[in-house]
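Me: I have a new model open and want to learn how to read it. Can we go feature by feature?

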Amino acid sequence: LKHLVALYDGGIRFTDSIFKQFFNLLAEKDLLQNTLVIITADHGEEFAEHGNFLHRFLYTETVHVPLIMNCPGVLPEGKLVTTPVQLLDLLPTVLDILNIPCPPQARGLSLLPSIQGVRRPEVPFYSEEPYCLDRLHQGIRSGRYFLYEKGDEIELFDIQNDPSQQVNL
């Protein structure tokens with residue numbers, strides 16, 4: 001496990017060095033001040049928190065991903081938003097930042113109000129993994145609860161009191 005975590009950490013370090021080169025290049029070309037940069041991921045990684053590795057299940061370690069945005073003069077520097085958001089929120093957010101109307105068929109909510117300090121309405125979050133062990137896995141996080149359907153098995157967690165989802169209610 002320590003070796004796998006070290007390999008993963010090495011990948012993060014390498015990615016950080018690439019981002020440093022990227023930001024330096026933007027700065028050298030005088031583009032950094034008028035460029036919206038968004039860094040995110042499509043999934044996290046499991047390191048045996050629930051007995052598994054990689055990213056096959058929908059527990060927090062897999063669905064909690066980084067979302068870092070930089071847009072000088074538009075987004076406040078160093079602002080941390082701790083309320084849960086979805087990757088579906090990216091399109092409405094980018095369009096809102098660029099002052100472009102969001103098409104009605106777009107799903108998700110702009111994060112710009114949250115970034116500006118406006119409380120976001122609470123919405124349930126859905127996630128799925130259709131190919132896990134040949135069974136559909138789907139989960140919904142709503143308020144303090146996470147309901148997880150793992151094929152024929154159903155789990156319910158109080159993520160407020162059990163954020164690592166170890167006690168199936």
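Me: Is Arg-144 buried, partly exposed or exposed?

Reply: Keep in mind that this is a predicted model. Arg-144 has 31%, so it counts as partly exposed.

Me: Which side chain does Arg-144 meet in a salt bridge?

Reply: Start with the general idea. Side chains of opposite charge can pair when their charged atoms come close. Here Arg-144 meets Asp-158, at 2.6 Å from N to O. Arg-144 sits in the loop between S6 and S7, while Asp-158 is in strand S8. The two are 14 residues apart, and the pair links distant parts of the chain. Asp-158 is buried, with a relative accessible area of 10%.

Me: How many salt bridges are there by this rule?

Reply: The count is three. Take Arg-120 and Asp-89, whose side chains meet at 2.8 Å, N to O. Arg-120 is in the loop between H4 and strand S5 (125-132), and Asp-89 is in the loop between strand S4 (67-70) and H3, so the pair ties together parts 31 residues apart in sequence. Both Arg-120 and Asp-89 are buried. Lys-150 and Glu-155 also form a salt bridge, at 3.4 Å. Lys-150 is buried at 14% relative accessible area. Glu-155 is buried too, at 7%.

Me: What does the side chain of Ser-110 touch?

Reply: For a polar contact, look for N or O atoms within 3.5 Å. The Ser-110 side chain makes one with the side chain of Asp-96, at 2.7 Å. A polar atom of the Ser-110 side chain also lies 3.1 Å from the backbone nitrogen of Leu-112. Ser-110 itself is in the loop between helix H3 (90-97) and helix H4 (112-115). Beyond its neighbours within four places in sequence, its contacts include Pro-92, Thr-93 and Arg-120.

Me: In which sense do S6 and S7 pair?

Reply: Bridges between strands show the pairing. S6 and S7 run antiparallel, over six bridges. Ser-142 stands opposite Tyr-145 in S7. The hairpin has two residues between its strands, and Gly-143 there takes a positive phi near 60 degrees.

Notes:
Residues are numbered from 1 along each chain as its sequence is written. This is a predicted model: local features need pLDDT of at least 70, side-chain atom pairs count only at pLDDT 80 or more; totals for chains, interfaces and linings use all residues. Side-chain values use heavy atoms; hydrogens and water are left out. Helices (H or I, at least four residues) and strands (E, at least two) are DSSP runs, numbered from the N terminus. A polar contact is a pair of N or O atoms within 3.5 Å; within protein, one must be able to donate a hydrogen and the other to accept it, and residues adjacent in sequence count only if both atoms are side-chain atoms. Contact means heavy atoms within 4.5 Å. Two strands pair if DSSP finds at least two bridges between them. A salt bridge is a side-chain nitrogen of Lys or Arg within 4 Å of a carboxyl oxygen of Asp or Glu. Buried means under 20% relative accessible area, exposed over 50%, partly exposed in between (1.4 Å probe, protein chains only).
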